[in-house]
Every structure is written in structure tokens, then in C-alpha cells.
Amino acid sequence: MKIKKQFLRQIINEEIKNLSKQPPADASRKAAVSERQERGLLAAINEYASIDTPISVQAGPTIIENVQSSYKVEGCNKFGCEMYTDVVFVTNDGEIKVSCKGTSAPSIAGGGLLGAKALIPDIIPNFLEAAEKWYLDNGYKEGDLIPDLYGKLNDSDKKLAVVGTLEIGGPIDYMYVGPMDVEHTFEDNLLKLNGDLIEAYEYADNHDIYFRIRKRRNDQPFAPGEKDRHGYPIILGRSPSKGDTGRRIVFVNKVPKTRDVVEF
């Protein structure tokens, strides 16, 4: 019986070790969903396109001609954040950089604070200081649980937020917005996809873009007066359950009706 218990304990310990090596379930699930769209897009193009027989690709009203192939952009940018470009269309006239998005996902670009700082360095402390003041002015005290807060970017800054720069994996030429499951038809050398290709600058012109402060963990308390290693207001303190500290900053194009927008 003692041997059986030792053997069982050994199996359990091995399972715990294996689980600890796996990425968080929510993160791996999100990555799998986004990659399903990207790889579906690549599979559709590469099934028909080649150097000898380039094709036209249509998504919505946009048609990109003379596409020879496509490939996925892997890895991280110089700041350790996800690349702005997801896939590249290789055409007779050069490469076209595309960022892929779902129809229901409002997040515009990855990278968090480092990505935002690389794009618009002066605006980050202004936004965070205005956000901390907003919470205090609206009666929130240290230790309170606070709602997410948004800040609207001006026209110049929002174009940078959408298009990106070379050092963070852009600039992108188009956004592909469509279902996660890519469907297509091919006839007369024209590949039709079930999404929309939208020029990046056009997307920026036609959408408002916001910073969003969000929690890493739901139980993170308000921590006014505290600073992060960059000297910026930390906003959110240590999670009692998981120990995570600090806020996340992302770019989005929608604000829920129940949330507030701070001016800065």
C-alpha cells in the first residue's frame, strides 16, 4: 500500500510539473483563435497562388492583384511585444503587410505599455496621470475596485496606433477584418474571402481609437500615488489572489456604454 501511495504521489507531481509548463488557458485559447484566422487566410491564398500564376485576392470591395504567395509573421518586435503585422501578401510589385482582426474583437494593436510608449511616448504619462485624477475626483479611494477607463486619441495619434511603425512590426498596409473561420471561393483567377480588406489609413480615418486601462486580475485594487519602473502612475495595485501588479494598456475602437472616457 505504501508503494502504491508513493507511485500515485509521483504521478500527481509529474502532472503538476507538466501543467506549470503550459501557457495560461485563456492566453493559449486566444492565440489559437487568432492563428486559426491567419492560417486559414494563408492556406486559401497559397492553395492557388504562385510566382508563375499570380492571382487576385478580394475581401469586401478591395481587390489586391498579382498575389504570388503569403506568409505569417512570427516572433516579437524589438520591445518583446507581438508584431503589428500578422501576414504578408507577396505580390509582383512587392510585399503588403496585413493585420488580422475578428469581427467582434475591438482590440486594435498589441504591445501594451511598451508598444504604446514606442508609438506615442509623450502621451502615455499624460493619459495615466489624467486617469488617476479621474478616479480620485470620482470618489474612488485606495483599495477600491475600479472600472476600466478609456482615453480618446487625437487624429494624428490614432493613425500611428492603427498603422504602427517599422520598429514595432509595421507599418501595416491593410487590416483584414472577418470571421475566425476563413471561407473562400476561387473562380477565373479571383480568390474571394469572407472578410474585408480595409486600408489602414482609411480605417484610422473612419474610426475613433482609444486607450483602455484594464486589470490583469479582477481583484486588483486602486493604488493612487504608486509609480511603476517608468515613473508612471501604476493605477492598479497587487492582486491578493495572484500577486499581479499594474495595469494593462491597450488600443481599442469601441467603448462600452457603461464605461467612461477621460480627457487628457
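A: Happy to! Please keep in mind that this is a predicted model. The side chain of R217 meets that of D244 in a salt bridge, with 3.4 Å from N to O. Both D244 and R217 lie in the loop between β11 and β12 (248–252), so their pairing ties together parts that are 27 residues apart in sequence. D244 also counts as partly exposed, at 23% relative accessibility.

R247 and D228 form a salt bridge through their side chains, at 2.7 Å from N to O. R247 and D228 each lie in the loop between β11 and β12, so this contact links parts that are 19 residues apart in sequence. Here R247 is buried, at 5% relative accessibility, and D228 is buried too, at 17%.

Next, look at K152 and D208. These two form a salt bridge whose closest N and O atoms are 3.8 Å apart. K152 belongs to strand β6 (residues 149–152), while D208 is in the loop between α6 (200–206) and β11 (210–214), so the pair ties together parts that are 56 residues apart in sequence. K152 is partly exposed, with a relative accessible area of 44%, and D208 is partly exposed at 34%.

Elsewhere, a network of salt bridges links E35, R39 and E74. For the overall picture, the count comes to 13 salt bridges.

Note on methods:
Residues are numbered from 1 along each chain as its sequence is written. This is a predicted model: local features need pLDDT of at least 70, side-chain atom pairs count only at pLDDT 80 or more; totals for chains, interfaces and linings use all residues. Side-chain values use heavy atoms; hydrogens and water are left out. A salt bridge is a side-chain nitrogen of Lys or Arg within 4 Å of a carboxyl oxygen of Asp or Glu. Helices (H or I, at least four residues) and strands (E, at least two) are DSSP runs, numbered from the N terminus. Buried means under 20% relative accessible area, exposed over 50%, partly exposed in between (1.4 Å probe, protein chains only).
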